[in-house]
Amino acid sequence: MFDHFVVPNLLPAAPEIFLALMASAILLIDLFVKDSRRTVTFALSVLALLGCAAIQLWVAVPDVTYTFSHMFVADLMSVLLKLLVYLTVIVVLFYSRAYVIDRGEMNKGEYYVLTLFATLGMMVMISANHFVTVYIGIELLSLSLYAMVAMNRDSLAASEAAIKYFVLGALASGLLLYGMSMIYGATGSLEITAVARQVHGANVNGNLLVFGLIFLVAGLAFKLGVVPFHMWIPDVYHGAPTSVTLLIGSAPKLAAFAVVIRLLVSGLLAAANEWQDMLIIMAVLSMAIGNLAAIAQTNIKRMLAYSAISHMGFMLLGIVTGVVAVVGADGTVGGDISNALDAYSSAMFYVIAYVLMSLGTFGMILMMARAGFEADTLDDFKGLNQRSPWFAAIMMMLMFSMAGVPFFIGFFAKFAVLMAVIAAGYTWLAIVAVLFSLIGAFYYLRVVKLMYFDAPTDETPIRAGLDMRLLISANGVAVALFGMFPQSIMALCAAALVYSHFPH
Amino acid sequence: MDFQTLVFYFLSAILVFAALRVITARNPIHAALHLILAFFTCGGIWALLQAEFLAIAIILVYVGAVMVLFLFVVMMLDVNIDRIRQGFWNYLPLGAVLGLLMVMEMGLVLSSKYLQAPAADAVVPAGVSNVREIGRLMFTDFVYPFELASIVLLVGMIAAIVLTYRGRKPSKYTNPNQQVFVKAKDRIRVLKMPVEKD
């Protein structure tokens, strides 16, 4: 009965298996840890993630490897993104430690275990080569995050955010599944590479495919948080405890990028004519609504939520233009591969840069927060320069980078995407993107103005542990340093994409 | 349009109607009853596709679980059971209609006279067991998502416990250490009050 079944090669999935085991073990070990010694759980979680990174480096091969009946794919893109996810989550854990300890309600072992399971979900998403694995990865990530948002049970705002996140997340999953089932109906396969072969061979029901594609793109847009599926982002970012906002706003963006690349570029590239228009509309709307609505905010978490919407819109431009470069005028797939490569690696670079900046900014809010004080309004940043010139300078660098001021990493991220947009012949899109970035610069620079030119309302000195101070300084310096040497990350992104999607 | 297609459209119409009523019914009990109808109809459509294992599973798991959910609704809304008993006759017509619909669906799907598809268009070739095939796939080709689904369920359990468990009520023991270090002013507070005349 099982004669044609080959036992899957577990090696490429070793980091996932290790993390699942470690998370379960930490769940049990934590039962024997007293509340006052929660550092044990924290340390074990960081060690688990470091172990994942070590295993990842050990098992990484430059070829594209499939395992688990083609449901799991390991390629250089997945290796790079997963390593970044481990790093990001470790930094998130360090940043949120003091914040979580100050809030007893959240200082439980489950907080760390759920973080690890969310990380596992992101890893599954990054390595998914099958609609079912994409979906399960997204659910694993979202389910952990819903619980973490609601963990501060006494906060009305957090409960409201969790309910909204849960309901809209379920709706998005429904849309995604509906799209996937329609595409299954059109192509007869759930495996992304097989779907790509079918669509490329053009022996599919076109109407059904496009119908499914619309739902698929809508579901993805929900998860990415781009207009018109962005409603949950401001409420969730604002209502969630800042440490959870930091987690939601950083590492999952890397996983979402991977899923978009896998589904739309690896799977449905041949249907690109269909989805590129949808993405252009969503990108332009996101940049418009994100940047305009952010101006009106007084809460910095809400402002950063709108900024996240606009950044994701900007990132979509890179994915859109990669396809424009590939699809020829007669609708056939072909064209200049190097253009497409530039566009995708610019989008990847953009996501990585955004995650770096977002880590720093939310980390800064976490550092200024104390027990019973959230530091999440813009006014809390007034006169930061007088309280701590060094951290004010770091915040200034982060804000400049988000605004796209040269020479910080955010500038090069925007620059690379714009180059790809212009190379694809979409000059008007580039102009629109620059205009909205200029509008966006206003609210980032307002934070800088508040820090340097206003009198502080709160004279309390900033207290933070040494690890926090060092990490956030490193984060700020990285934003400046990679801004001066963007080629290092850019080359990594390009190499990862070349080996993963354009094998020679 | 052959009979099978007719049955499919009939079931689909009921499914869509039931699903709409689930979200539009104001009465939670009506909504739950329509949800049961929706699941049942869904099972009927699967049976039409010769996926009899899924059809039975959805009825066992979902209809069974929904009954539990229904009880939860009754519990959480603090509905008096006696009042529900009194309302039995009010709910009977709706319940009876829904029940009859289910019986009719079952009859349509299972009345094999019209539904024996010719062997050539059978979705499942003769001699292949649905249950066996699902079991084989689940533990071979789909073992990765299967294991991950178990982790998703674990996360669901952890989340439910984290969000509802409030911890034991602290027992009223006294800490000897704090007792030793107690000072007189911790026990008695002397308040100065102005003397009230008249």
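Q: Which residues of helix H18(A) are buried?
A: This is a predicted model, in which local features need pLDDT of at least 70, side-chain atom pairs count only at pLDDT 80 or more, and totals for chains, interfaces and linings use all residues. Residues are numbered from 1 along each chain as its sequence is written, while chains are lettered from A and ligands numbered from 1 in the order in which they are written. A residue is buried if 20 or more other C-beta atoms lie within 10 Å of its own, with C-beta atoms placed from the backbone. In H18(A), the buried residues are Leu429(A), Ala430(A), Ala433(A), Phe436(A), Gly440(A), Tyr443(A), Tyr444(A), Val447(A), Val448(A), Leu450(A) and Met451(A).

Q: How far apart are the end C-alpha atoms of H18(A)?
A: Helices are DSSP runs (H or I, at least four residues), numbered from the N terminus. The expected span is 1.5 Å times one less than the number of residues. The 27 residues of H18(A), residues 427-453, should therefore span 39 Å, and this agrees with the distance between the end C-alpha atoms, 38 Å.

Q: What is the orientation of H8(A) relative to H11(A)?
A: Helices H8(A) and H11(A) pack at an angle of about 165 degrees. Angles run from 0 to 180 degrees between N-to-C directions, and those over 145 count as roughly antiparallel. H8(A) is therefore, relative to H11(A), roughly antiparallel.

Q: Which helix gives the largest share of the side of chain B that touches chain A?
A: Two residues are in contact if their C-beta atoms, placed from the backbone, lie within 7 Å. In chain B, 16 residues are in contact with 27 residues of chain A. The largest share of that side of chain B, 13 residues, comes from residues 143-164, helix H8 of chain B.

Terms used: Helix = DSSP H or I, 4+ residues; strand = E, 2+ residues; numbered from the N terminus. Buried ≥ 20, exposed ≤ 12 C-beta atoms within 10 Å, placed from the backbone. Parallel < 35°, antiparallel > 145°, perpendicular 65-115°, else oblique.
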